[in-house]
Amino acid sequence: MNEPLLSVSGLKKHFPLKAGMFGSSTQVVKAVDDVSFAIARQETFALVGESGCGKSTLGRAVLRLVEPTAGSIRFDGADLRALGAEALRRTRPRMQMVFQDPYASLDPRMRVGDIIAEPLATHGRGNRSERTARVLELMEVVGLRADGLRRYPHEFSGGQRQRVGIARALALNPDFIVCDEPLSALDVSIQAQVLNLLAELQERYRLTYLFITHDLSVVRHFAPRVGVMFLGRLVEVGPTRDLFESPRHPYTRFLTAAVPVPDPRQRDRPRLLLEGEIPSPINLPSGCRFRTRCPFATAVCAEQDPPLAGDGERSWACHHALS
C-alpha cells in the first residue's frame with residue numbers, strides 16, 4: 001500500500017484565554033482536540049461539521065499557518081512540525097490554500113496579475129517576463145480573460161475573485177491544496193462552476209485536496225471520503241456514500257437528514273431535529289461531548305469519552321453506534 005501524501009496523528013490546537021489585558025491564561029478553547037486522519041495522493045478528503053467545530057482551524061494547523069499545540073503532521077514522509085523556518089519555507093510551495101472569502105483573501109491595492117505572481121516572486125521563480133507568462137497561463141486555466149491582468153479585485157465578481165484565488169494557489173505547482181469553504185461566499189449559480197473547475201484542475205495537475213465545508217450536498221458529489229467533526233473531534237470517518245446511506249454516529253445521522261432532497265415526493269419525510277445548544281468549547285461536557293444533544297445517550301456516555309474506532313474503511317466515536 002502506498003504511503004499517504006498527508007498523515008495527521010493526535011493533532012491538537014488549543015487557544016488560551018486570558019483574564020484582562022495583562023492577566024494569565026485561565027481557560028483554554030480546544031478548537032482541535034486529538035484529530036487523526038490520512039489523505040492518499042490525488043484524493044479528495046472532505047471535512048464537514050457545524051460552524052465553530054474547528055474545521056478551518058484544523059486546515060490551517062495542517063499547513064502550519066497556526067502552530068499546533070500537539071500531534072504530528074507528516075507530508076510526503078516529512079515531519080512538518082520538526083522543520084525549521086527555512087526548511088518549512090522550501091516545503092510551502094507544495095502546500096497551498098484556497099480561502100473562504102475571495103475578496104478578503106485578495107489585497108485590494110494589488111492588481112490581479114501581481115496577486116497571482118506574488119508567490120512566484122516570493123520564492124524566486126523566474127524573471128518578470130517568465131512570471132507574466134505564467135500568470136497569463138494560469139488565468140486561462142481558471143477561466144479568466146487576459147485583459148483582467150491589470151484590474152483590481154473589486155472589479156471582478158465573487159466567482160471571478162475565487163478563480164483568482166485558485167490561480168494564485170496553483171502558481172507554484174502544489175501537490176496539496178486545502179480548500180477552506182471555497183463555495184460558501186458564492187452565489188448558488190456560481191458554486192457549481194467553481195466546483196467543476198476544482199475537479200478539472202485535480203485531474204489535470206494530479207492534486208490532493210482537503211475540502212472543508214458545511215454543505216453536505218456538495219460533499220456527496222465531490223469527495224469520495226469524508227470526516228465529520230463535532231467540537232474539535234472527528235466523530236465519524238468513511239466513504240461518503242456509506243456515511244449518507246448508513247451513518248453510524250448519531251450526529252452524522254442528524255447532519256445527513258438535514259440535507260435537502262430535490263424530490264417533491266419526499267417532502268413529507270420525517271424531520272430529525274437536534275435539541276439543545278452546542279456545548280461551549282471552553283467548558284466541554286464530561287465523556288462524549290455530543291451526549292448533551294444525543295437522544296441515545298446513557299450513563300456510560302457521561303463517564304467515558306469514546307475513541308474513534310471501527311472496521312475497515314469506516315470508523316466512529318460512539319458507545320451506541322447506529323446500525
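Phe230 and Phe290 are both buried in this predicted model. Their ring centres lie 5.2 Å apart with the planes at 85°, and since an angle over 60 degrees counts as edge-to-face, the pair falls in that class. Helix H3 is the other topic here: it packs with H5 and also comes within 9 Å of H4, axis to axis.

**Aromatic pairs**

- A search of the whole structure turns up seven aromatic pairs.
- Phe37 and Phe45 make one of these pairs: their ring centres are 5.3 Å apart and their planes meet at 15°, so the two rings are stacked.
- Phe37 is buried, and Phe45 is buried too.
- Tyr209, Phe211 and Phe222 are joined into a cluster by ring pairs.

**Helix H3 with helix H5**

- Two packed helices are described by the angle between their axes and the distance between the axes.
- For H3 (residues 112-122) and H5 (residues 158-170), the angle is about 30° and the axes are 7 Å apart.
- Angles under 35 degrees count as roughly parallel, so H3 and H5 are roughly parallel to each other.
- The crossing of H3 past H5 is right-handed.
- On the H3 side, the contact is made by Val112, Ile115, Ile116 and Pro119; on the H5 side, by Val164, Ala167 and Arg168.
- Sorted by class, this contact of H3 with H5 has six nonpolar residues, one charged residue and no polar ones.

**Helix H3 with helix H4**

- H4 covers residues 128-141, and its axis crosses that of H3 at roughly 120°, coming within 9 Å.
- This angle makes H3 oblique to H4.
- H3 passes H4 in a right-handed crossing, and its crossing with H5 is right-handed as well.
- From H3, the residues Val112, Gly113, Ile116, Ala117, Leu120 and Ala121 take part in the contact.
- They meet Arg131, Arg134, Val135, Leu138 and Met139 of H4.
- By class, the contact of H3 with H4 has eight nonpolar, one polar and two charged residues.

Conventions. Residues are numbered from 1 along each chain as its sequence is written. This is a predicted model: local features need pLDDT of at least 70, side-chain atom pairs count only at pLDDT 80 or more; totals for chains, interfaces and linings use all residues. Side-chain values use heavy atoms; hydrogens and water are left out. Axes are lines fitted to C-alpha atoms, for helices over the stretch in contact, and angles run from 0 to 180 degrees between N-to-C directions. Helices (H or I, at least four residues) and strands (E, at least two) are DSSP runs, numbered from the N terminus. Angles under 35 degrees count as roughly parallel, over 145 as roughly antiparallel, 65 to 115 as roughly perpendicular and the rest as oblique. A crossing is left-handed if the near helix is turned anticlockwise from the far one by less than a right angle, and right-handed if clockwise. Contact means heavy atoms within 4.5 Å. Ala, Val, Leu, Ile, Met, Phe, Trp, Tyr, Cys and Pro count as nonpolar, Asp, Glu, Lys and Arg as charged, and the others, Gly among them, as polar. Rings of Phe, Tyr and Trp (its six-membered ring) pair if their centres lie within 6.5 Å; planes under 30 degrees apart count as stacked, over 60 as edge-to-face and the rest as tilted. Buried means under 20% relative accessible area, exposed over 50%, partly exposed in between (1.4 Å probe, protein chains only).
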